Amino acid sequence: MAFTEQKAQKRPIKISTRLFLSVGLLFLAAGVFAVFMLNHQMKQRALTEAESKARILLDRNLATHTYFTHNLKPALFGLTDSIRDDAYFEPVWMSSTYAVRKIEQYFKNLNPAGYYYKECAINARSPENEADQREKAFLEELNADPELMKRSDIQTMNGEPHFVVLQRGEVMAETCLRCHSTPREAPGELVEHYGPHRSFGRKEGDVISAVSIRVPLSEAYREANQLSVRLSAYFLALLISLFGVLYWRSNRLIFRPLSAIREKALLISSHEEHLGEKIPLSEGRELKELAMAFNAMSGDLRRRVDQLGAQEETLQKVFDGISDPILMPIPVNELPSLL
Ligand code: HEC
């Protein structure tokens, strides 16, 4: 089958196209995988950091509660015992929940990170501690399931991702009921300050509060995404340069020499006068050897064709000589007459 006929049939895809396509896709996949892994790792790290921040917030506030119970309150109660009347109530030093809430407000003004810390309760005494829907559901779960201690996950709030921790809070003990059962039993000033409804009617054993912490993740996520975009740009630049080098080198070392051999082979097959021509030797050993073999074959074929041509010429001459009348052999039947 002639080459032109083959051409007319469906042509297979070029090796160079296949090679560049597969290498390009491989590079691209490697790049996407690396960027994706880095983004994932950074977000994981942000989460670990958020966890430790939440832990610090929790421990710090717990320490404040402990300081009130073990240090401040005993000292001040001892000091004021003789002058304090039963109706007296001052949350500033008598309620660690009040202190933690106030400190939290100051902290929020100082720190722009947007942490959220709340010792929430249903029907909380201070409206600021009132549980929202999520916290309320958790508090109800806490009272139904004594095993439940803590729950943490990532939740989107106001369109921003947050690391959310909800932890079992305080349980009503007998000593607490003085201020948390009925307004009649509570110090008059407390009822005056907070009113007769909020945080009363509690029973011993009730889990009345949960600690609710939210650490915003948007900043860390934004950083992770920005770095991923930057890294993608670097990868793309690297990919394009690597691809360029690969394209240039493989064209120079493989595809151009191959194409030269192909062109020459085509030329020789269609025009005999080109037989014996050589192709330049390329750099790589394999193609250099192929070119040498091709050149040897081309030279050899030339010689053979030349030889054949020369033989043909000689034969032609012989035939031409035979047809000469002088040299024409005498027919056998004419021989006797000549003798
Ligand atoms: C002397 C009165 C008094 C006693 C005793 C008392 N509390 Fe309170 N408690 C308060 C006041 C006042 C607040 C509101 C503080 C604020 O402004 O946030 C409060 C708030 C709370 C809160 C926040 C949720 C809410 O309902 O407002 C919890 C939780 C809490 N108390 C638990 C306890 C526990 C547990 C005990 C017993 C170990 C206890 N309290 C004993 C006065 C008291």
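The legends below describe close-up views of a predicted model.

**Figure 1. The two assigned domains of the protein.** The domain assignment places domain 1 at residues 20-217 and domain 2 at residues 229-322. Taken over C-alpha atoms, the centres of domain 1 and domain 2 lie 80 Å apart. Nine residues of domain 1 and ten residues of domain 2 take part in the contact.

**Figure 2. The interface of domain 1 and domain 2.** About 860 Å² is buried between domain 1 and domain 2, and carbon and sulfur atoms account for 92% of this area. On the side of domain 1, Phe-20, Phe-27 and Val-35 together supply 66% of the area buried against domain 2, more than any other three residues. The side of domain 1 that touches domain 2 consists of seven nonpolar residues and two polar ones, with no charged residue.

**Figure 3. The iron atom of the ligand and His-180.** His-180 is the only protein donor of the iron atom, through NE2 at 2.2 Å. Helix H6, residues 177-180, contains His-180.

**Figure 4. The salt bridge of Arg-101 and Glu-128.** Side chains of opposite charge can pair when their charged atoms come close. In this view Arg-101 forms a salt bridge with Glu-128, with 3.3 Å between the closest N and O atoms. Arg-101 belongs to helix H4 (residues 96-110), while Glu-128 sits in the loop between strand S1 (116-120) and helix H5 (133-144). The two residues are 27 residues apart, and the pair links distant parts of the chain. The count of salt bridges comes to 17.

Notes:
Residues numbered from 1 in each chain as written. Predicted model: local features only at pLDDT ≥ 70, side-chain atom pairs only at ≥ 80, totals over all residues. Heavy atoms only, no water. Domains from an automatic or database assignment. Contact = heavy atoms within 4.5 Å. Buried area = accessible area lost by both parts, 1.4 Å probe. Nonpolar A, V, L, I, M, F, W, Y, C, P; charged D, E, K, R; others polar. Donors = N, O, S within 2.8 Å, 3.2 Å for Na, K, Ca; no water. Helix = DSSP H or I, 4+ residues; strand = E, 2+ residues; numbered from the N terminus. Salt bridge = Lys/Arg side-chain N within 4 Å of Asp/Glu carboxyl O.
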